[in-house]
Amino acid sequence: MLETLLFYFFALVTVAAAIAVVSSRSPIYSTLSLLVTMFAVAVLFLLMQATFLAVIHIVVYAGAIVVLFLFVIMLLGLKEREQVNLKPLYLLTALLSAVSLPIIFGKAIFSALSYASPAPSAIEGSAKAVGRLVFGSYLLPFELLSLLILVAVIGAVYLGRRES
Amino acid sequence: MITPAHYLVLSLILFGIGTFGVLVRRNVILILLSLEILFNSANLAFVAFSKVHGNLDGQVVALFVMAVAASEVTVALAITVLLFRTWKSIRTDQPPMLKG
């Protein structure tokens with residue numbers, strides 16, 4: 001009962017904040033709405049017993065990525081309000097594709113498996129259990145991921161250098 | 001009773017909102033923000049599927065998706081800063097007319 005209430009409340013918060021991200025007229029409002037979305041999705045992770053992932057979600061997304069966005073917005077001094085001067089045909093096409101893609105994917109997803117019954121076993125998404133998998137069968141992707149992050153850092157530093 | 005199907009429907013709704021944002025927005029940073037919503041919907045779907053199958057593989061993949069998204073945002077924002085330095089504008093609908 002409590003789980004139902006919490007799920008619907010935070011699902012509503014997520015959708016409302018996501019709509020605020022895509023329709024807000026100021027970049028700062030959009031970034032702060034993204035922050036709210038991240039926190040709501042972290043609570044949804046907690047509801048699925050993915051505790052480690054919820055904390056990592058907050059630390060990585062809300063603590064690093066959103067802060068990075070805010071830094072760049074303030075660095076570039078984007079105070080301008082976005083003028084909404086789209087042709088209505090373009091808006092209609094975007095709306096159509098944004099509605100039809102989830103329907104297509106949903107048809108494919110829900111025809112493959114049956115999700116009506118609750119999860120067969122209670123999984124514990126603790127750091128210990130996830131860590132056992134990451135450093136066990138997923139060790140190679142983990143190491144490649146650290147290489148990817150290194151490449152991204154080198155790329156970002158190189159792209160952001162001052163021409164002197 | 002909240003089944004994984006509820007989470008998957010929510011993930012699909014978020015995916016639609018993110019797609020709409022990427023298509024409609026004219027500011028490079030706001031396009032990247034809508035991309036983050038798409039990443040979030042994918043992570044929700046991964047964790048929901050890990051609950052369906054009863055193992056933690058989906059959560060491990062969601063962890064990797066987070067790391068890839070973080071590095072992608074880093075490089076994309078560096079490119080955006082570079083764009084702004086060259087063009088003095090990061091809008092995708094107006095051609096950058098600086099020198100005339």
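Predicted model: local features only at pLDDT ≥ 70, side-chain atom pairs only at ≥ 80, totals over all residues.
**Stop 1: chain A as a whole**

Begin by selecting chain A and colouring it by secondary structure, which brings out six helices and zero strands, arranged along the sequence in the pattern α-α-α-α-α-α. Chain A holds 164 residues, and buried residues make up 34% of them. If you count the contacts in chain A with a separation of 6 or more, 60% of them are between residues 24 or more positions apart.

**Stop 2: two helices side by side**

Next, select helix α3 (residues 51-76) of chain A together with helix α3 (residues 57-87) of chain B, and look at how they pack, with their axes 11 Å apart and at an angle of about 5°. Angles under 35 degrees count as roughly parallel, and α3(A) and α3(B) are therefore roughly parallel to each other. To see what makes the contact, show the side chains, among them A:F52, A:I56, A:V60, A:F69 and A:L76 from α3(A), and B:L63, B:M66, B:V73, B:L77 and B:F84 from α3(B). How many of the residues in this contact are nonpolar, how many polar and how many charged? The contact of α3(A) with α3(B) divides into 20 nonpolar residues, four polar and no charged.

**Stop 3: a buried threonine**

Stay with chain A and select A:T31, which is found in helix α2 (residues 27-47). Is A:T31 buried or exposed? Because its relative accessibility is 0%, A:T31 counts as buried. Setting aside residues up to four places away in sequence, A:T31 touches A:V66, A:F69, A:L70 and A:I73, and it also touches B:L33 of the other chain. A:F69 was also part of the contact between the two α3 helices.

**Stop 4**

Now move to A:A18, which lies in helix α1 of chain A and, at 0% relative accessibility, counts as buried. Which residues are in contact with A:A18, once its neighbours within four places in sequence are left aside? They are A:T37 from chain A, and B:L14, B:I17 and B:I37 from chain B.

**Stop 5: aromatic rings**

A search of the whole structure finds six aromatic pairs over all chains, and two of them are worth a visit. Select A:F7 and B:Y7, an edge-to-face pair whose rings are 4.8 Å apart, centre to centre, with 70° between the planes. This pair crosses between chains, going from helix α1 (residues 2-23) of chain A to helix α1 (residues 4-24) of chain B, and both A:F7 and B:Y7 are buried.

**Stop 6: a charge over a ring**

Finally, select A:Y158 and A:R161, where the charged end of A:R161 sits over the ring of A:Y158, 4.1 Å from the centre of that ring.

Key. Residues numbered from 1 in each chain as written. Chains lettered and ligands numbered in written order. Heavy atoms only, no water. Axes fitted to C-alpha atoms, helices over the stretch in contact; angles between N-to-C directions. Helix = DSSP H or I, 4+ residues; strand = E, 2+ residues; numbered from the N terminus. Parallel < 35°, antiparallel > 145°, perpendicular 65-115°, else oblique. Contact = heavy atoms within 4.5 Å. Nonpolar A, V, L, I, M, F, W, Y, C, P; charged D, E, K, R; others polar. Phe/Tyr/Trp six-rings, centres within 6.5 Å; stacked < 30°, edge-to-face > 60°. Buried < 20%, exposed > 50% of the residue type's maximum accessible area, 1.4 Å probe, protein only. Lys NZ or Arg CZ within 6 Å of the ring centre and 35° of its normal.
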